[in-house]
Amino acid sequence: GKAVEPPEAWLEEFVGIVTDGRTFDGSMSTGTAVPKLVVRFVRGDTRVDVMLAFNQNTVVVQQDGKPVATGMFSPRRKDLVRLVKALFPEDGEIQAIAEQTENL
């Protein structure tokens, strides 16, 4: 899809969720994660990508193209889905993402 620049309030809430230790349940995905959304932060020459794969409740964080963190976001899935849907109200595929899933 095309790039969107989120409002500051959206970014603050998103960063708050992905940096909160309670967001991640400590498990690793056993399936293949297919990122649905990439949020990119750029400061100078440094690029940080936060990739969300809703099919596996997985987040992968890369800095300058190199993986630095990964985890399962099951505890905060509902919050992340709500944020993503708010940012892309016209995207039918994103709007179809379920807020809850069966245990993965």
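This is a predicted model: local features need pLDDT of at least 70, side-chain atom pairs count only at pLDDT 80 or more; totals for chains, interfaces and linings use all residues.
Let's start at a turn: Gly 44 takes a positive phi near 60° in the hairpin of β1 and β2, which has two residues between the strands.

**Strands and hairpins**
- β1 and β2 run antiparallel and are joined by seven bridges.
- Across this pairing, Leu 37 stands opposite Leu 52 in β2.
- β2 also runs antiparallel to β3, with six bridges joining the two, and here Asp 49 stands opposite Gln 62 in β3.
- The hairpin of β2 and β3 has four residues between the strands, and its Asn 57 takes a positive phi near 55°.

**The nonpolar core**
- The largest nonpolar core has 20 residues, and Phe 14, Val 50, Leu 52, Phe 54, Leu 80 and Val 84 have the most contacts inside it.
- Two or more residues come from each of α1 (8-18), β1 (37-43), β2 (46-53), β3 (58-63) and α2 (77-87).
- Helix α2 gives the largest share, five residues.
- Beyond four places in sequence, Phe 54 touches Lys 36, Phe 73, Arg 77, Leu 80, Val 81, Val 84 and Ile 97.

**Helix α2 and Lys 85**
- Buried residues in α2 include Arg 77, Leu 80, Val 84 and Lys 85, and their cover includes α1, β1, β2 and α3 (92-95).
- What does Lys 85 contact, leaving aside neighbours within four places in sequence? Its partners are Ile 94, Gln 95 and Ile 97.
- Lys 85 is buried yet has no salt bridge: Glu 99, the nearest side chain of opposite charge, is 5.0 Å away.

Definitions and conventions: Residues are numbered from 1 along each chain as its sequence is written. Side-chain values use heavy atoms; hydrogens and water are left out. A nonpolar core is a set of buried Ala, Val, Leu, Ile, Met, Phe, Trp, Tyr and Cys residues joined through side-chain atoms within 4.5 Å. Buried means under 20% relative accessible area, exposed over 50%, partly exposed in between (1.4 Å probe, protein chains only). Contact means heavy atoms within 4.5 Å. Lys and Arg count as positive and Asp and Glu as negative; His and the chain ends are not counted. A salt bridge is a side-chain nitrogen of Lys or Arg within 4 Å of a carboxyl oxygen of Asp or Glu. Two strands pair if DSSP finds at least two bridges between them.
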